[in-house]
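Have a look at the sequence and the model, then try each task before reading its solution.

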Amino acid sequence: MPSEVRAQQPGRPTPPRQGEIDNQEITIEKNRKIELPAANRVFNKIPSLKANPDQKKVTYEFTDRPLAVGDPRLSPVALPVQSGKAENTPLFNNYVKLGAGNYGSFLGEAFGSTAVSENIMVDGSFRHLSSSIGPVDGKNSATSENRLKLNGAYLTNSAQITANLGYDRDAFYFYGYRRPREVDRDTIRQTLNTVNFRIGIENTEPENLIDYSLKTGITSFRDRYNASETDWATNFNGSVGITEKFIALIAADAFVTQRTDGPVDNRNLFRVKPTFKYSTSLLTVTAGVNAVNETDRRLGINRTRAFPVVELDVVPVGSFHFFAGVDGDIARNTLRSLLNENRWLSPQVVLANTEKTLDLYGGSKGDLGGGFTYEAKVSYGQYRNFYAFNNTWADTSRFSVLYDGGNARVLNISGQLGYTYKDLFRSTLKVDVYDYALSRLEEAWHRPRQTGVWSNSLIVNKKLFVTTDLYHYSGIRSKNFASGRVVTLPAIWDLNMKIDYFLGKQVSAFVSLNNILGKNYERYLYYPQQGLNFLGGVSYSF
């Protein structure tokens, strides 16, 4: 059997580890959608080395494990401003926001929350962002996105019960066709609809020796080409404090998925990950096993894999950490997750999970003093079914997913430097370099070899806030299989800025400038992005 598969295809944070940089995040309002979703990020702070009475308390992040190596997603990263209120401004729980900009862009956003009783809180939000014209051919590259979320929480003395309901709708066009050309807009239109519901219960008593969190929910996804996917996900995390320094942890996931895009395909994945952690002020050792079972009716797969989980963190002096570890896993690739990375996939996508057979890593992190923190890391991973995106042979405006069924090896060198000055200024610079040694794929198509993000936030005074971010992606290669031509895409430099100004106790104004350098860069071949664009508006809090 050939190992390469080609398809016409298209909370709580995790346990903090001592000495890890606080990855800082700011929401940059864009009036264009960079066609890559926000990456899942884990933000850990450098804690004090003093004895922590709540050391047994473990927190969790309930997200599926994506393939993060050479991650092709580009999204704003920066940090939330600490003091976001004008002087003597009362705290308002609700707001509405309206904005408009070039490319026929319109923003409408609202948020509301209320306490039903002393123990019950509910909130809801809605966001609409659209551009009536795009970078090429006017309305043929228009975009629209809508987000509706409803959340509820019931708090007792020892537990919290939460429920979440959401609806997302994204509409766009396959505008990567050869020009000049007359097209029927209805034939290049795509719409993605997602409905999700999730409930959960988790411990809120910090003194409990047993900590737990259980969440389950169902997501229904459908596109305009009769593709649908129903995904039922259940996640459990727990910990038991055996001694002051020794903790037992358990993580378990169950994903039951049915996908319909032509034939019906049942794809399930079950994971259990027991580990033990021994911690002192100078040393932290984590050891365990990650056992994963995956089934796929269409591909005839039913297999179980076990991966070692070992990590060593040493603090020889001060807040300087040196760490090393080894682990492995199976990353789920679903129809929804692949479309989140590249929305221009062809129909009839063939799905296969990516097995990270081995990941060896090591590095250092810590506090340099004077507001500076750092992290440097080197990792070497081996993968089976490592995937890449490339334009299809039949229609270069659509993309296929290519899997390397052999042993793909990826070397990643990353560095991160952070700086904080009181609550007035924060800056984070992160750089990654990737080297791909593939077994059966010719190239890691559309995966960057170098990435960089520089994010900043500045509080000018109590009323004026400025945030900026600069992205750099380079080394992206693609191939037109119809002509046989290999293309190295020009390096991406994307500079953005947002300014918020409080006009009074309840009114504020904002201006977002995106792609300030004005480059119609291509993250994916034949899909140029909007050039310099802006979005301005007002917000009213009540």
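**Exercise 1.** Which strands each supply at least two residues of the nonpolar patch?

*Solution.* This is a predicted model, where local features need pLDDT of at least 70, side-chain atom pairs count only at pLDDT 80 or more, and totals for chains, interfaces and linings use all residues. Residues are numbered from 1 along each chain as its sequence is written, and side-chain values use heavy atoms, with hydrogens and water left out.

- Step 1: recall that patch residues have over 30% relative accessible area and no salt bridge, with nonpolar side chains (Val, Leu, Ile, Met, Phe, Trp, Tyr) joined within 5 Å and like charges within 9 Å.
- Step 2: find the patch of about 1000 Å², whose members include F126, L148, Y167 and W232.
- Step 3: read off β5 (143–155), β6 (159–173) and β7 (189–203); β7 gives the most, with three residues.

Strands here are DSSP runs (E, at least two residues), and helices are runs of H or I of at least four, numbered from the N terminus.

**Exercise 2.** Find the salt bridge partner of R332, and say whether the pair is buried or exposed.

*Solution.* 

- Step 1: apply the cut-off, a side-chain nitrogen of Lys or Arg within 4 Å of a carboxyl oxygen of Asp or Glu.
- Step 2: D231 is the partner, with the closest N and O atoms 2.9 Å apart.
- Step 3: R332 lies in the loop between β14 (320–331) and α1 (335–341) and D231 in strand β9, so the pair ties together parts 101 residues apart in sequence.
- Step 4: R332 and D231 are both buried (under 20% relative accessible area; exposed is over 50%, partly exposed in between; 1.4 Å probe, protein chains only).

Definitions and conventions: Accessible areas come from the Shrake-Rupley method with a 1.4 Å probe; for residues, only the protein chains shown count as cover.
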